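Reader: Before we discuss the details, could you please show me the model?

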Amino acid sequence: MMRFIWPFVIFVTLAGFLYVGLHLNPHEVPSPLIGKPAPAFSLAQLHDPTKQFSPQDMKGQVWLLNVWASWCVSCKIEHPILLALSRKNIVPIYGLDYKDKREAGMAWLQEGGDPYVLSASDMEGRIGIDYGVYGVPETYVIDKQGVIRYKQIGPVTPESLREKILPLVAELQAK
Amino acid sequence: MKNLLILLFCLLPSFAFAGEAKDMADDPVLEKRMIGLAENLRCLVCQNESLASSHSELAEDLRREVREQMQKGLTDQEIIDYLVSRYGDFVLFDPPVKSYTLLLWYGPFALLLAALAGLIVQLRKRKSKVTEAQLSDEDAKRAADLLNQSKDS
């Protein structure tokens, strides 16, 4: 009887690890930027290229930076959620149009609705690299001091909004 | 003539390559250094490919970034630090030894030691169980006879 116990224990341990592994998403890489100041940039605005947008303009406000692109398929999934959120006026959403053509980006917003206060266009994807973007969409929650507090990798879902983003925004706004 | 042909064939792959790789830098030394660095970095889109071999757009952008930083005169370590501060230790194929990677680095050795200890304990146990077989005089004589018999034949 005893001789079966060890193989059994090893099997159960291994099965346990594999079971947990099944539910891990290797594409969710924790960002080292959490708790760090949002990297500075100054980019032309999508709708008015003569004007610039910089995260420094947002000091004193809690805001969301949403990285999107007209070529991005999963952005379509989160788009209605962002639209609904922008209508509630809880927190301003700013867009970063990542590696996109200006006309394509503008057409995409005209067609699907524009949840953003404004979008900055990062046509060459350089600011994306500064922010550690590796898959669009990504959403950053940035506090009043300009520190990144949370990063949502992949589309914003009703669950992530309800459980993580909105409670965090309320907490940061109360500070 | 034959030698000339061989020489021409040797040049052929480099011709083909020059036509394809459009983002090759003008400086081949820098390009080689960039590829050498990028081979140890992970592409975050296709996660088991290196930054040097990946064809994803992000990898192309990151190669451009690395190339530009090299042109600015940054050292390899400074460039690695820059990428790690953006993308985390995950970009490194060679994870650094930190408190949370101790198990990864030393776990296998710990397992090996545990297995060796187990083996030694088991062997000692077995040794105490196995008793030398005692032969009676009669049995010893029979054994000697049998051995002699086989020698004769």
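**Chain B and its helices**

Author: Taking contacts in chain B between residues at least 6 apart in sequence, 42% join residues at least 24 apart; a contact means C-beta atoms, placed from the backbone, within 7 Å. This is a predicted model, in which local features need pLDDT of at least 70 and side-chain atom pairs count only at pLDDT 80 or more, while totals for chains, interfaces and linings use all residues. Residues are numbered from 1 along each chain as its sequence is written, and chains are lettered from A and ligands numbered from 1 in the order in which they are written.

Reader: How many helices and strands are in chain B?

Author: Chain B has six helices and zero strands. Both kinds of element are DSSP runs numbered from the N terminus, with helices being H or I of at least four residues and strands E of at least two.

Reader: What percentage of chain B is buried?

Author: Of its 153 residues, 14% are buried. Buried means 20 or more other C-beta atoms within 10 Å of the residue's own, exposed means 12 or fewer, and partly exposed lies in between, with C-beta atoms placed from the backbone.

Reader: Which residues of helix H2 of chain B are buried?

Author: In H2(B), residues 28-38, they are Met34(B), Leu37(B) and Ala38(B). Seen down the helix axis, the buried residues of H2(B) fall within an arc of 95 degrees, so they line one face; the arc is taken over directions from the axis to the C-beta atoms. Pro28(B), Val29(B), Lys32(B) and Gly36(B), on the other side of H2(B), are exposed.

Reader: What covers the buried residues of H2(B)?

Author: The cover includes helix H3 (57-71) and helix H4 (76-87) of chain B. Val66(B), for instance, contacts Met34(B), Leu37(B), Ala38(B) and Ile79(B), leaving aside neighbours within four places in sequence.

Reader: Turning to chain A, in what order do the strands of the open sheet lie?

Author: Five strands form it, in the order E5-E4-E3-E6-E7, with mixed pairing. Strands pair if DSSP finds at least two bridges between them. The edge strands of chain A are E5 (119-122) and E7 (148-153), each pairing on one side only.

Reader: In what sense do E4(A) and E5(A) pair, parallel or antiparallel?

Author: Strand E4 (93-98) of chain A pairs with E5(A) in the parallel sense over four bridges. Ser121(A) in E5(A) is the bridge partner of Asp97(A).

Reader: Finally, how many residues does each chain give to the contact?

Author: Chain A gives twelve residues and chain B gives 14 residues.

Definitions and conventions
Contact = placed C-beta atoms within 7 Å.
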